[in-house]
Amino acid sequence: MNHTESVLIIDDEPQLMQLYSKFLSLEGFDVESASTGYEGLDLIKEKHFSLVITDMKLPDISGLQVLEKIKNEFPDTEVIVLTAYGNIHDGVAAIKSGAFDYITKGDIDEDDFILKVKKAADKASLKEQIKNLREQVGSKFRFSKILGNSKLLLDAVSLGKKVAATDNTVLLLGETGTGKELFAQAIHNSGLRKDKTLVAINCSAIPKDLQESELFGYVKGAFTGAVSDKKGLFEEANNSTIFLDEIGDMSLDTQAKLLRVLETNTISKVGDTKTKNINVRIISATNKDLESEIEKGNFRSDLFYRLNGFTIKLPSLNERAEDIPVLANEFIRSYSVKSKKNIPQVTDEFMTKLIHYKWKGNIRELKNIIERAIIISESDTLTPDYLPQEFFSGISENQSLNSKDLTLEELEKDHILKTLSETDHNKTLTAKKLGISSVTLYRKLKEYGVD
Ligand SMILES: Nc1ncnc2c1ncn2[C@@H]1O[C@H](COP(=O)(O)OP(=O)(O)OP(=O)(O)O)[C@@H](O)[C@H]1O
Ligand SMILES: [Mg+2]
């Protein structure tokens, strides 16, 4: 296969340069040349090269300096250095500074030369492909993909953007389906580590006795079945971010080990006495109330304080019901496109039903309900006919919540507001019906933020 990558050769000996250029042009490479270090660096600023071949000895700066500048500013460009005959020392130094390989001048063998160049070019082109793929994946999970204009959501997004730019530990709280995973991805993909892959683990999906080895790895023989060493997810996430989803379901043993990792920035595999330094950003999430888990003895308070450095509470869908039309319309559009259907119209009644429904599964449930409606609708208009039974039973309406799920306080509020609306907002009558004084009623309404 012919290569089309661009290669820059920096050398001050015209004859050698011509020779290399000839070898490489014949292989299909797009070759340019420079005779000093600075001239080469200027060319690199103007154009992307997959590979730079530089002599170690140049008239102005050293090849090593050229290499270091390239590795700093254009880390995707590979570098091969040309060393003087008999000077392996230079070649080794170059590799230590990030060169792909070195070639000894004087006895240049054409096949060997081409082979090394091809390998370096392949590596550069793979790196480029990975980068492009990562950008494609990353663009799916940006803050701009998090929809909603309610104040509660915008506040959460603004906190997320601020903390993304730091390297802080983040804890995401919110009911199921409120977008915790989406936020974790967006934070990682807008942060300093976005060029590395986010490593995610869902603690509730892993049996408690396997969590430790999953996270930290194990050595051969650590337990029955450990037939060879295995890397843990923390090690995979080194220099990147780990997303500890459903952290409320982490076993107490694993919590203890995680705490040590956070305190020392080192990990050790199960069954191993050696430790290894790591640098991992931690984003965790849970729909559990960790403080009450601590009271029940299911979660370590010291770990909680470590993870809880920066907490973002994601609002439930019912707390931001004004966002439902935006979300619904986007889900209708994207699902229709995905399933190659015309984008249906939506009746007011359909949207009103969505707005008043009590969403237990939040945005995930909304998405599922919309997809279901599009699948079963035979017309080009979505009407309440395409909504499931729960939408018509009354008890699932947002305003008249299922009393079994309510706390005493919520029940009281619900009852007061209902009575108020039954009396056509007559406060004296409401107080009388409820058997409380008007002063108490006013105080309670004020607490609820009701005018
Ligand atoms: N603000 C939003 N805008 C658009 N889509 C969203 C938004 N929030 C969540 N979603 C979508 O809703 C679905 C559920 O989100 P996600 O999986 O992030 O929730 P979660 O909080 O992690 O839920 P669980 O606790 O059940 O794991 C996903 O398909 C996600 O893309
Ligand atoms: Mg999740």
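**Close-up views of a predicted model**

**Figure 1. Packing of helices α13 and α14.** Helix α13 and helix α14 (residues 348-356) pack with their axes 10 Å apart and at an angle of about 120 degrees. Axes are lines fitted to C-alpha atoms, for helices over the stretch in contact, and angles run from 0 to 180 degrees between N-to-C directions. The two helices, α13 and α14, are therefore oblique to each other (angles under 35 degrees count as roughly parallel, over 145 as roughly antiparallel, 65 to 115 as roughly perpendicular and the rest as oblique). The crossing of α13 and α14 is right-handed; the near helix is then turned clockwise from the far one by less than a right angle, whereas anticlockwise is left-handed. Helices (H or I, at least four residues) and strands (E, at least two) are DSSP runs, numbered from the N terminus. The model is predicted: local features need pLDDT of at least 70, side-chain atom pairs count only at pLDDT 80 or more, and totals for chains, interfaces and linings use all residues. Residues are numbered from 1 along each chain as its sequence is written, while chains are lettered from A and ligands numbered from 1 in the order in which they are written.

**Figure 2. Packing of helices α13 and α15.** The axes of α13 (residues 324-338) and α15 come within 9 Å and cross at roughly 50 degrees. Helices α13 and α15 are therefore oblique to each other, and α13 passes α15 in a right-handed crossing.

**Figure 3. The shell around ligand 1.** Ligand 1 is surrounded by 16 residues, the closest being L147, T176, G179, K180 and E181 (a residue is near if its C-beta atom, placed from the backbone, lies within 6 Å). Two or more residues come from each of α7 (180-189) and α15 (362-376). Domain 2 (143-313) and domain 3 (318-392) each give at least three residues to this shell; the domain bounds come from an automatic or database domain assignment.
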